[in-house]
Structures are given as C-alpha cells and as structure tokens.
Amino acid sequence: MLQDIGKGQGVYISTYGCQMNVNDTERMYALLEMVNYVPVESPEKAGLIIINSCSVREKPVHKVHSEVGRYRELKAANPRLKIGVGGCVAQQEKAKLLKDIPVLDFVFGTDAIDTLPQLVAEVAETHQRKVSARFENEKPYATETMIRNPGVSTFVNIMKGCDNFCTFCVVPFTRGRERSRQMKELVTDIRALVARGVKEVTLLGQNVNSYKSDCGADFGQLLRALAEETDIERIRYTTSHPKDFNQELVEISQKYRSKICDYIHLPAQSGNSEVLKRMNRGYTREEYLDKVHMIREAIPGVILSTDIIVGFPGETEEQFRDTLSLVREVGYDNIYPFAYSPRPFTKAAKFTDQVPEADKSRRLQELIDLQRGISFELAREFDGRELAILVERYKADENHLMGRSTQNKIVHFVPPVSAEPEQFIGRTVRVKILKAFPNVLRGELIV
Ligand code: SAH
Ligand code: SF4
Ligand code: F3S
C-alpha cells in the first residue's frame, strides 16, 4: 500500500442529488480504496463517513444536519470516527458547516475530490478540523474516469460547472465555471472503458452542449469522434440545454443513430415565455417547441423527458396553465416536476412576488396528475413492440433479466431455461413487449 491512510477501516458515503454526485461518490470510493479504506454498506461499520450533499432544492442544509445528527452516537462510541461533508452544500456553506455542526471533522467542495485522501490524512493525523472548498477554475479539467467495477453502463464526466445562471438555480455557485475535458482524452478514456467491458456510456455535464474542447471541438464533434473512433455500443448524455440544441447536433444524432440513443432529456422548466424570460432560460415557448419538432422530425420515435418548475416567483395561474399545455403538446414520456424553492445567491430568491406554498403544492399535484395519464397512454404504444435491449443485470430473486432500450425504457424479461442468465449480461438481445407500464416494460426474449 503506497499510502496506508485508511489502515483497512471502513468508509461509508451517502449520496444525494444528480448523476454528477453519483459519479463523484464512485470517484471518492475509488480514491479512498487506493489508500486502504474499504467501502462498507452501513455507517455503523465505518471509520470514515462522508455525506455527498446536494443543494438544488428544499432545506438541503437541514438534511445534512439531520444526517450528521444520526452519527453523533457512533462518534461518541468511536472517537476515531471521522465525518465529512462534500458536494454542493459543502461548496455553498464552506467553513460555516464546521461552525454549525460541531461533530463534523471536515468539509470539501466540488473541486476538492481528487485531494480527498490527503485531506482525510491531514484530519486523521492532526485531529484538526479542515475545510477545502476552493474552485479550481485555472487548472485544466482532466479527470480520467475512475470506476472500480464498471458494469455494462457507466457515467463519464465530459464537463463541469455551469455559466448559464438561470435565476432559480444554485448550481453555477456550487459547481463553478464551465470547464471541458479534452476530446482526445475522452476518446482514450472511453476506449479504456470499452476494454473493461463497458457497452454504454452516459456523458455527464450540467449543460453538455456547452462542451468545448481546447482543440475547438464542440459537443456534436465529440459525439461524432466517440461514435467513429471508439467501439462503444451506446452513447447517452445528460443534460442538454434547449437553447444550445442545434441542427448540427440533430444531424449527428441522426447519422450515428445506431450508437446515439433515442432519448433526450430537454428541460423546459416552464411553458410560458414571460416566465422563461424571468428564469433567464434563453428561449421562448415557441423556440422550445421548434426544437422539439426539429428533433422529432429527424429522429422519429425519439423519447423526450423534461424538468418543470411550478410556482416560480410571479407565476400566475394562467402562466401555469401554459406549462400544462406545453406538457400536453409535447407528450413527454416522463417529467421531473418540482415546486420552486428559493436558493441562496440566486436572483429569483430576491424576487418579491413569491408564490404561496399552498399554490405551489396544488400546481405540482395537478401537473403530476396530468403527466400520470400521459405516461400511461404513451407506455401503451410499446405494447407488442420488438425492442433491442442491452442487458445490464440479472435479478435472481425475481428470476428476470433487466436491460434498457435505446429509448431508455427499462425492460424486464425472463431468461430462457436452457441458458445461464448471466451470459446475457452485456449482450444486446431482441425482446417482444407483452405488457407496458410507465416505469417498466415486461417482455419475452425473441430467440
Ligand atoms: N443543468 C440542468 C439542471 C440541473 S438542476 C439543466 O439546465 O437542465 C436539475 C433541475 O432541478 C432543474 O432542471 C430544475 O428543474 C430543478 N431546479 C433547479 N433549481 C431549482 C429551484 N430553485 N427550485 C426548484 N427546482 C429547481
Ligand atoms: Fe442550473 Fe440553468 Fe445551469 Fe441548469 S443551465 S445547471 S438549471 S443554471
Ligand atoms: Fe444537486 Fe449539485 Fe447536482 S446542487 S443536482 S448535486 S450539481
């Protein structure tokens, strides 16, 4: 062991928030394993506990407080136990977290993940409480993917940060300025993942279509390079911003359709142009709908999902109706609906016309009810269809294989008795859908 910082102790990380955080947690585990920490499944078994926090909505600081509170007894029983907070709340609150939560040992920001082993070593050696939460905006973003046991499908960060400053959103403050990885590096990275058995990558960024490699390549060119120069079978990406979704990207998605998946998450946030303007989204309702039509024309059968905020400051009942009508008009397979929640540092938090909580909850419920009907209806269109499924897992207790279609539909099917179920993992097979529900399609293998 090069640096035996962990001495074989357990490390437990709890994760909140988006896929970026999920991927960051995996990186933390990988880095800590290299210095002899052993990942464990429960905090009781750990000598090091980390909370990878999210601050995008609702009382995030509270959540950190209450989770750390649960570990107070563990710490009393084991004074050597170290507890840290990382992620977006850490970046947002920095030293204030240490001040407010006495049982906490260290706080590290979203750009401090790669120095986590050193930070943990310092805390363990000196018994001093530490904060490391500076943005690394000067250094190039060169973050080779670190995944301990990549499965069939894996996340790959292509860029970090966000420069869009939507008026409701804390992310530009918790993730800093946009920085992209080099295209050449990403090709090498993904080739290495393919060599380890990965069949599908999901390219991650707060705004993937702002991607810009130093060589000048943009997101479309990156997709082309990955499709042409690697043997990856499927490429997904999230999240793309409607204002940057252009014709070139659509053409590339069409040209490399065998690899680039038929599923696009395109957050609309609202269906009213006035609200969109006050959100600083950079598009109107009509422009958003034009993009949807452009995408659907080029990629028939493409599946769309979206994020919606209800009760943004000043949103009238009528403006909310425009959101409902947009949701109806587009016909999303799935939506992620949120009630607006004021965030620190953001412009909208200072808007004086905040919507009462009761109105927000009512609107949220109405939106959820509308989408439930749409999702059921759209799911039915999958009944009887034959889909190419990339198999990811075998669930022995339920005896079914689980995989996804190019449209990101989760499909369950029973393996044939004549074969070992595990041999299907990583293979793309044809499945006929027998019964379609909004969240899962049940089918049978076509042999
Ligand atoms: N970069 C992504 C979104 C990241 S945050 C994009 O631009 O689409 C994920 C989602 O959380 C957002 O799309 C938005 O719908 C929601 N969200 C962000 N800030 C919010 C807030 N203050 N209140 C409620 N929902 C919010
Ligand atoms: Fe937040 Fe807007 Fe950036 Fe998305 S694009 S992360 S919503 S500021
Ligand atoms: Fe949350 Fe930070 Fe992701 S605020 S949604 S963990 S970028």
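The shell around ligand 3 divides into 4 nonpolar, 3 polar and 1 charged residues; here Ala, Val, Leu, Ile, Met, Phe, Trp, Tyr, Cys and Pro count as nonpolar, Asp, Glu, Lys and Arg as charged, and the others, Gly among them, as polar. The members of this shell are C18, N21, C54, S55, V56, C88, R175 and Q206, a residue being near a molecule if one of its heavy atoms lies within 4 Å of it. The structure is a predicted model, in which local features need pLDDT of at least 70 and side-chain atom pairs count only at pLDDT 80 or more, while totals for chains, interfaces and linings use all residues. Residues are numbered from 1 along each chain as its sequence is written, chains are lettered from A and ligands numbered from 1 in the order in which they are written, and side-chain values use heavy atoms, with hydrogens and water left out.

Around ligand 2 the shell is formed by C162, N164, F165, C166, F168, C169, V171, P172, Q206, H241 and R281. By class, these comprise 7 nonpolar, 3 polar and 1 charged residues.

Ligand 1 is surrounded by 15 residues, of which R57, Q206, Q269, D307 and S341 are the closest. Of this shell, 7 residues are nonpolar, 4 polar and 4 charged. Strands β13 (303-310) and β14 (334-339) each contribute at least two residues to the shell; strands (E, at least two residues) and helices (H or I, at least four) are DSSP runs numbered from the N terminus. An oxygen atom of ligand 1 is placed 2.6 Å from an N or O atom in the side chain of D307. A nitrogen atom of the ligand lies 2.9 Å from a backbone N or O atom of F168, and a backbone N or O atom of S341 is 2.7 Å from a nitrogen atom of ligand 1. Taken alone, ligand 1 exposes 540 Å², 90% of which is buried by the protein; accessible areas come from the Shrake-Rupley method with a 1.4 Å probe, and for residues only the protein chains shown count as cover.

Beyond residues up to four places away in sequence, F219 touches I158, L203, V208, N209, Y211, Y237 and L249, contact meaning heavy atoms within 4.5 Å.

Residue N164, a member of the ligand 2 shell, is found in the loop between β8 (159-160) and α7 (171-175). N164 is classed as buried because its relative accessible area is 15%, where buried means under 20%, exposed over 50% and partly exposed in between (1.4 Å probe, protein chains only). The side chains of N164 and K243 are joined by a polar contact of 2.9 Å, defined as a pair of N or O atoms within 3.5 Å; within protein, one must be able to donate a hydrogen and the other to accept it, and residues adjacent in sequence count only if both atoms are side-chain atoms.

R234, in strand β11 (residues 234-238), is likewise buried, at 8% relative accessibility. The side chain of R234 reaches the backbone oxygen of R404 at 2.8 Å. By contrast, K99 in helix α5 (residues 95-100) is exposed, with a relative accessible area of 67%.
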